[in-house]
Amino acid sequence: MKTRIKELRAKYNMTQEDLAEKVGVTRMTIGFLEKGKYNPSLVLAYKISKIFNLKIEDVFVLE
């Protein structure tokens with residue numbers, strides 16, 4: 001799964017650690033998401049999309 005998390009974090013000047021704290025996961029989880037090595041639960045996808053005020057499908061793109 002492709003994500004726009006890294007791009008969005010840069011836009012909002014946010015580190016992986018910042019985002020991880022806001023959604024309640026580890027920094028490593030955010031790193032794995034950005035590399036496409038981890039598929040988030042629906043709850044996690046929802047939390048991340050809400051941080052950026054976007055729909056889930058605007059953050060996570062099925063390839």
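A: Lys6, Arg27, Lys35 and Lys37 form a positive surface patch. Patches are built from residues with over 30% relative accessible area and no salt bridge, like charges being joined within 9 Å and nonpolar side chains (Val, Leu, Ile, Met, Phe, Trp, Tyr) within 5 Å. Lys and Arg count as positive and Asp and Glu as negative, while His and the chain ends are not counted; each charge is placed at NZ of Lys, CZ of Arg, CG of Asp or CD of Glu. Helices (H or I, at least four residues) and strands (E, at least two) are DSSP runs numbered from the N terminus.

The model is predicted: local features need pLDDT of at least 70, side-chain atom pairs count only at pLDDT 80 or more, and totals for chains, interfaces and linings use all residues. Residues are numbered from 1 along each chain as its sequence is written, and side-chain values use heavy atoms, with hydrogens and water left out.

Helix α3 spans residues 27–34, and its buried residues are Thr29, Ile30, Gly31, Leu33 and Glu34. Their cover, judged by contact (heavy atoms within 4.5 Å), includes β1 (2–3), α1 (5–11), α2 (16–23), α4 (42–51) and β2 (60–61).

Glu34 also takes part in a salt bridge with Arg9, at 2.5 Å from N to O. Arg9 lies in helix α1 and Glu34 in helix α3, so the pair ties together parts that are 25 residues apart in sequence. Both partners are buried, Arg9 with a relative accessible area of 10% and Glu34 with 17%. A salt bridge requires a side-chain nitrogen of Lys or Arg within 4 Å of a carboxyl oxygen of Asp or Glu, and the whole structure holds 2 of them. Glu7 and Arg4 form a salt bridge at 2.9 Å, N to O; Glu7 is partly exposed at 46% relative accessibility, as is Arg4 at 28%.

After α3 comes Gly36, with a positive phi near 75°. Most residues other than glycine have a negative phi. Asn13, although not a glycine, has a positive phi of about 50°; Asn13 sits in the loop between α1 and α2 and is exposed, with a relative accessible area of 70%.

Technical notes. Buried means under 20% relative accessible area, exposed over 50%, partly exposed in between (1.4 Å probe, protein chains only). Accessible areas come from the Shrake-Rupley method with a 1.4 Å probe; for residues, only the protein chains shown count as cover.
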